[in-house]
Amino acid sequence: MESPSWRSALGKIFPSLLEKNTPKQEKPNLEKLLSQLPPEAITAAAIGAVKAKATDKPEYIDLTLQFYEGKRCGPDFLAELALRKGNPEKAIEIYLQDSSWYADKAAKIAKEHLGLDCAIQVYEKALQTEKNPRWQEDLARLYLEKGDSEKVEALLTSAREDYEECHDIERAVALENERGNLNEAVNVYQRAAEKSEFSNKSCYYKKAAQLAEEIGNNKKVHSLYHATLDAYLEQRYSLLSYECDHINKIAQKIGDNEKLIEAYRKANKPEKA
């Protein structure tokens with residue numbers, strides 16, 4: 001079937017369907033209007049009426065779903081049609097038919113129309129085929145509503161591990177901060193530094209040290225600032241002036257004059273060394 005020029009058909013034959021009705025206007029009778037069309041135009045006009053939201057007649061919605069099936073059409077429109085027909089199961093199926101990409105949208109419909117347990121099933125099924133820490137967070141929130149704290153903790157820990165694995169370090173840290181696990185947030189930065197190279201290494205060590213200092217984890221502060229200095233000095237054959245000043249502040253903070261002298265030498269400031 002060729003793509004129906006539904007707006008053209010509606011506009012020419014019964015334009016009142018595409019206009020906002022005033023209180024004085026009588027709502028047009030769609031069936032009567034469709035009956036005035038030649039048979040070959042009825043399907044296109046019915047699909048047009050559905051797209052114009054002039055009707056939610058189930059058989060016309062089915063016609064529209066059938067027409068767009070297999071065509072390049074985003075799932076949002078098709079899922080909306082299914083919901084207008086009162087079929088949330090079909091809407092969920094539409095979002096999940098090709099992949100788990102739209103699991104969050106499917107779960108939202110499931111929760112609103114079918115209940116919390118159905119939304120949980122959507123996410124659990126999606127997570128069987130694809131790792132996605134965002135979905136794990138969403139699933140944890142659903143289990144929180146159910147009062148299953150053990151599941152919540154397991155999911156959030158798994159989400160944090162997956163964030164680290166895909167190098168979304170800031171989200172992993174933010175998640176531990178939200179959970180109140182500030183020492184674990186320090187550990188996330190430290191693990192990232194240990195696995196990193198070049199500038200990221202010193203950056204993550206520094207963030208770990210600053211966070212440890214902020215929360216009063218004095219046991220780690222000193223060693224993390226030392227690691228920050230080592231990373232700075234290892235990654236540079238020479239240092240710019242501002243980098244040397246930066247190292248200077250850290251070295252003075254922990255009283256490491258040897259590393260400060262090395263930094264001045266790499267910055268070509270032997271007189272200060």
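**Entry 1: overview.** I counted the secondary structure and found 16 helices and 0 strands in the protein chain, where helices (H or I, at least four residues) and strands (E, at least two) are DSSP runs numbered from the N terminus. I noted that this is a predicted model, in which local features need pLDDT of at least 70 and side-chain atom pairs count only at pLDDT 80 or more, while totals for chains, interfaces and linings use all residues. Residues are numbered from 1 along each chain as its sequence is written, and side-chain values use heavy atoms, with hydrogens and water left out.

I then looked up burial: of the 273 residues of the protein chain, 42% count as buried (under 20% relative accessible area, with exposed over 50% and partly exposed in between, for a 1.4 Å probe and protein chains only).

**Entry 2: α7 and α8.** I found that helix α7 (residues 103-114) and helix α8 (residues 116-129) pack at an angle of about 160°, with their axes 6 Å apart; the axes are lines fitted to C-alpha atoms, for helices over the stretch in contact, and angles run from 0 to 180 degrees between N-to-C directions. That angle makes α7 roughly antiparallel to α8 (over 145 degrees; under 35 is roughly parallel, 65 to 115 roughly perpendicular and the rest oblique). On the α7 side the contact (heavy atoms within 4.5 Å) includes Ala103, Ala107 and Leu114, and on the α8 side Leu116, Val122 and Tyr123 are among the residues. I recorded 11 nonpolar, no polar and 2 charged residues in this contact of α7 with α8 (Ala, Val, Leu, Ile, Met, Phe, Trp, Tyr, Cys and Pro count as nonpolar, Asp, Glu, Lys and Arg as charged, and the others, Gly among them, as polar).

**Entry 3: α8 and α9.** Next I saw that α8 and helix α9 (residues 133-146) pack at an angle of about 150°, with their axes 10 Å apart, which makes α8 roughly antiparallel to α9. Tyr123 of α8 is again one of the contact residues, and Leu139 is among those of α9.

**Entry 4: the core.** The largest nonpolar core has 73 residues, and Tyr123, Leu139, Ile169 and Leu224 are among those with the most contacts inside it (such a core is a set of buried Ala, Val, Leu, Ile, Met, Phe, Trp, Tyr and Cys residues joined through side-chain atoms within 4.5 Å). Its largest share, 8 residues, comes from helix α14 (residues 218-234).

**Entry 5: Gln190.** I finally looked at Gln190, which lies in helix α12 (residues 182-195) and is buried, with a relative accessible area of 19%. Not counting residues up to four places away in sequence, Gln190 touches Tyr205, Ala208, Lys220 and Leu224.
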